[in-house]
Amino acid sequence: MSKVVVVYHSGYGHTRVMADAVAQGVERHSDSTCRLIAVEEVEAYWEVLHRADAIIFGAPTYMGSASAAFKQFMEATAPFYLARPWRNKLAAGFTNSGNLCGDKLNTLLQMAVFAAQHSMIWVGLDLLPPRAFDGTFDGQLNRLGSSLGAMSQSGVEQPPGQSPPIEDRLTAAHLGERVARLAERLVER
Ligand SMILES: Cc1cc2nc3c(=O)[nH]c(=O)nc-3n(C[C@H](O)[C@H](O)[C@H](O)COP(=O)(O)O)c2cc1C
């Protein structure tokens, strides 16, 4: 059994949709549990994070990087940087933005460097980019062609119930399940 925690920020609800999808993917894997923690409430849950086998980070991309609230969470971990309670835990990430690109790779890079600073083991997305030769992406996972983590795109005018699209949510679920599977292997050792 593996314990996975998703720590996320979502200003307007779209990244929260992705966080839910990641959690559903984690729990698709037998015996894995997933706890969702919003960055606004993280101060009460450090021990939950320290006991997890894997932590998956989620943030919207604001101005080409992780949102300020998520960055605040990152900086709040500095007091235990030296003690390294997250050493050898798995880490992964997802981000959502308004534009197809939106410079959101930078957000995943920030998360991966952050995980490395905590001596964590980064898990990327094991999905090839979709075959786009005929120009259609419908129904295909990883439609945005990311390797480092799960990406999603939400129209800023669309409410979270309609966006991000199902392909992005299924991609997020795939990442969650992958992390749960790998975390279980790590726990067994
Ligand atoms: C302050 C701010 C900055 C933003 N910067 C970007 C950006 O750099 N790239 C982009 O594609 N979208 C950008 N957006 C759009 C958001 O990424 C998009 O609305 C996203 O769905 C918000 O996620 P949330 O609902 O979880 O907060 C920005 C939105 C805000 C409010």
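In what follows, Lys and Arg count as positive and Asp and Glu as negative, while His and the chain ends are not counted; each charge is placed at NZ of Lys, CZ of Arg, CG of Asp or CD of Glu. On this basis the protein chain carries 17 positive and 19 negative charges, whose mean positions lie 6 Å apart.

The model is a predicted one, in which local features need pLDDT of at least 70 and side-chain atom pairs count only at pLDDT 80 or more, whereas totals for chains, interfaces and linings use all residues. Residues are numbered from 1 along each chain as its sequence is written, and side-chain values use heavy atoms, with hydrogens and water left out.

The protein chain holds five helices and seven strands, taken as DSSP runs (H or I, at least four residues; E, at least two). Read from the N terminus, their order is β-α-β-α-β-β-α-β-α-β-β-α.

The C-alpha atoms fill a box of roughly 50 × 35 × 25 Å along the principal axes. Of contacts (heavy atoms within 4.5 Å) between residues at least 6 apart in sequence, 78% join residues at least 24 apart.

Buried residues (under 20% relative accessible area; exposed over 50%, partly exposed in between; 1.4 Å probe, protein chains only) make up 51% of the 189. Cys34 counts as buried because its relative accessibility is 16%, whereas Cys101, at 53%, counts as exposed. Zero disulfides are found in the whole structure (cysteine sulfur pairs within 2.5 Å).
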